[in-house]
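Dear colleague,

Please find below the structure that I am handing over to you. My notes on what was found in it follow directly after.

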Amino acid sequence: MLASGVPMEEEELQKAVVAYLRKKGFAKTEIALQEEQQNRLSSSSHPDLPLSRLENDPARYSGGYSKLRSWAYSSLDLYKHELLRVLYSVYIHCFMDLVAEGHMRDARTFFQTFREDHELTHLRDLQKLEGILSPSHLEEMELARSLRQNKVKIKICQYAYDLLLQYLQKTQSLTILGIINERINFEVSPGQPISISDDMEVVALVGSNHDQAKQINQKEVRWGLLEDSVEDRLERANSDSEKAEAENKELDPEDTKKRSVDGGKQAAPVKKPKKDKLVGATGKNVRSETSTAPVAPRVKPDLTLPIMPMEVEKAILEDLRNRVQLSSSALPSICFYTFINAHNGLNCSAISHDGSLVAGGFSDSSLKVWDMSKIGQSAKPGENDSIPSEHFLGTEGEGPYTLFHGHSGPIYSATFSPLGDFLLSSSSDSTIRLWSTNLNANLVCYKGHNYPVWDVQFSPVGHYFASSSHDRTARIWSMDRIQPLRIMAGHLSDVDCVQWHANCNYVATGSSDKTVRLWDVQSGECVRIFIGHRSTVLSLAMSPDGRFMASGDEDGTIMMWDLSSGRCISPLMGHSSCVWTLAFSREGSLLASGAADCTVKLWDVTTSMKGQKIEESKPSSINRLRLLKALPTKSTPVYTLQFSRRNLLFAAGALSKC
């Protein structure tokens with residue numbers, strides 16, 4: 001081969017052809033042949049480089065993005081909002097590509113020049129990306145690594161997609177074309193953009209396999225309640241009593257007439273007061289409001305459930321019979337526990353099922369449990385001499401709170417068992433500890449996670465619990481084993497929160513990768529991926545019938561999901577800051593949310609879901625929940641919400657400046 005890279009035979013053949021054309025006087029043909037040869041040589045001089053990397057001028061990023069930005073903002077208003085979604089993905093990848101190529105000064109200039117375009121909707125991500133100062137940070141920072149390793153899915157209508165392709169072909173901007181081709185997956189929908197503009201899945205970061213979520217969401221989910229539970233037995237008893245009463249009314253109309261003639265007004269029925277007390281738990285009053293929703297099926301448990309003591313079952317039945325029925329016209333009473341003088345040290349709180357015990361986890365690795373029955377009692381002489389004033393009374397069970405020591409780092413989560421006799425806590429020391437509220441002692445230290453444990457939750461039946469960690473896993477445990485029973489791995493970032501399904505067969509996890517996943521406890525497999533949040537998912541709640549799940553994120557957005565279909569059925573916009581806690585009322589008619597904006601909000605679930613069965617046939621329809629009431633605190637962010645079995649709403653938080 002010669003230095004030009006052309007084989008010897010081909011070069012000799014080309015010379016012979018040129019000589020022949022020159023001899024015959026075909027000057028134009030000779031010139032055209034030479035130009036074609038030059039173009040072929042120039043295009044083959046960089047055979048290993050993709051088109052988007054042929055140039056090495058950093059200005060190509062700012063120039064290409066600036067032109068795309070001007071075109072997007074000058075497009076028709078009908079399609080502008082869809083084209084602007086593409087703009088953000090191109091912006092962050094232009095910045096990271098500049099950093100990866102070592103053009104740090106140009107990268108900083110580019111980042112600051114166009115930052116204002118995206119601060120309104122992506123401020124938190126921009127604050128994180130602003131810390132990238134060298135190419136090595138792209139691998140060290142979790143957000144940047146996720147963005148570069150996974151494609152972004154963007155929903156866009158057909159016409160807007162065609163407009164974008166026409167622009168890219170017309171401008172021949174190879175740099176922008178390369179970024180869009182490598183980093184974005186488009187899901188093109190027919191029709192006008194208005195029909196999909198309200199869809200919460202329009203922009204989502206997914207794994208390298210674009211169809212992964214769709215494939216997983218096709219798996220069957222048994223969302224019903226446990227068969228032969230206390231609630232199930234009570235519901236059957238109520239239905240049997242209703243049937244018996246209906247039969248009595250139809251038995252002997254002639255006897256009824258005779259009794260009415262003989263006794264006159266004294267023949268009035270006397271069974272009604274007795275029945276009215278029973279329908280409070282799961283009777284007609286509830287079903288009349290939720291009749292449009294399907295009755296929750298009964299499923300068998302996959303886990304071996306603990307045996308419930310008879311006295312506990314009687315207490316639960318008594319609570320169910322005396323449960324207050326909540327609705328849009330009958331809102332719950334709220335008992336709010338406020339931590340004062342916490343000095344920003346309170347990280348989490350927990351409340352027992354009846355509100356008698358309140359726990360707080362602190363940054364100094366201490367766990368404190370307050371007994372509400374002892375609040376306000378006077379201290380014994382000399383008892384408080386060496387104790388800080390904010391503690392009010394002594395420790396070790398002497399005063400209103402008991403101090404538990406054992407963790408070696410800040411405590412991030414705490415949860416009471418369903419009966420209140422045990423307490424779990426998780427910490428940055430990567431351990432989970434089980435405490436006895438009767439013995440005031442640490443019973444077990446569970447070690448399995450490799451990094452801080454952000455959340456831990458008891459199952460609805462006790463004995464089993466779930467944890468989530470910075471190591472991107474969630475784990476299922478039982479109280480009698482020091483090793484986890486299941487490890488659920490699949491999230492691309494921290495698993496920040498965890499919640500059990502009502503039938504204990506599934507566990508839901510929320511993550512910093514902006515997704516929620518539902519896991520099968522028996523197999524440890526992911527059976528649902530819920531995509532739609534724009535920021536870290538911080539809180540989860542399951543409806544009592546097991547059909548719906550609510551999730552809250554860092555931006556103040558709450559989303560209601562249908563577990564059977566995996567779709568978002570209602571985005572809730574109302575909070576202005578992080579949603580730290582969510583709770584469904586015991587019959588599922590209301591959803592309560594608490595946030596860092598110092599408010600508790602109550603949402604109407606039953607009325608808003610009446611038309612859900614009809615609307616399910618329309619894939620683009622969004623049914624929004626109605627906000628019933630916003631309850632602001634004086635200056636207390638809401639850490640915890642929980643409904644008692646009688647539908648009293650408990651809440652807790654630390655007094656601060658909102």
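Tyr159 counts as partly exposed, with a relative accessibility of 44%; please note that this value, like those that follow, comes from a predicted model. Its aromatic partner Tyr79 is buried, at 8% relative accessible area, which places Tyr79 under the 20% cut-off for that class. The rings of Tyr79 and Tyr159 form a tilted pair, with 4.9 Å from centre to centre and 40° between the planes. Because Tyr79 belongs to helix H4 (residues 77-100) and Tyr159 to helix H9 (residues 158-171), the contact ties together parts that are 80 residues apart in sequence.

Across the whole structure, the search returned 21 aromatic pairs. One aromatic cluster is made up of Tyr65, Tyr91, Phe95, Phe110, Phe111 and Phe114. A charge over a ring was also found: the charged end of Lys368 sits over the ring of Phe362, at 4.9 Å from the ring centre.

Strand S19 (residues 495-500) is mostly covered, six of its six residues being buried. Strand S19 pairs with strand S20 (residues 506-511) in the antiparallel sense, over five bridges. Within this pairing, Trp500 stands opposite Val507 of S20. Five residues lie between the two strands of the hairpin, and Cys504 adopts a positive phi near 65° there. As background for viewing the strands, side chains in a regular strand alternate between the two faces of the sheet.

With kind regards

Notes
Residues numbered from 1 in each chain as written. Predicted model: local features only at pLDDT ≥ 70, side-chain atom pairs only at ≥ 80, totals over all residues. Heavy atoms only, no water. Buried < 20%, exposed > 50% of the residue type's maximum accessible area, 1.4 Å probe, protein only. Helix = DSSP H or I, 4+ residues; strand = E, 2+ residues; numbered from the N terminus. Pairing = 2+ DSSP bridges. Phe/Tyr/Trp six-rings, centres within 6.5 Å; stacked < 30°, edge-to-face > 60°. Lys NZ or Arg CZ within 6 Å of the ring centre and 35° of its normal.
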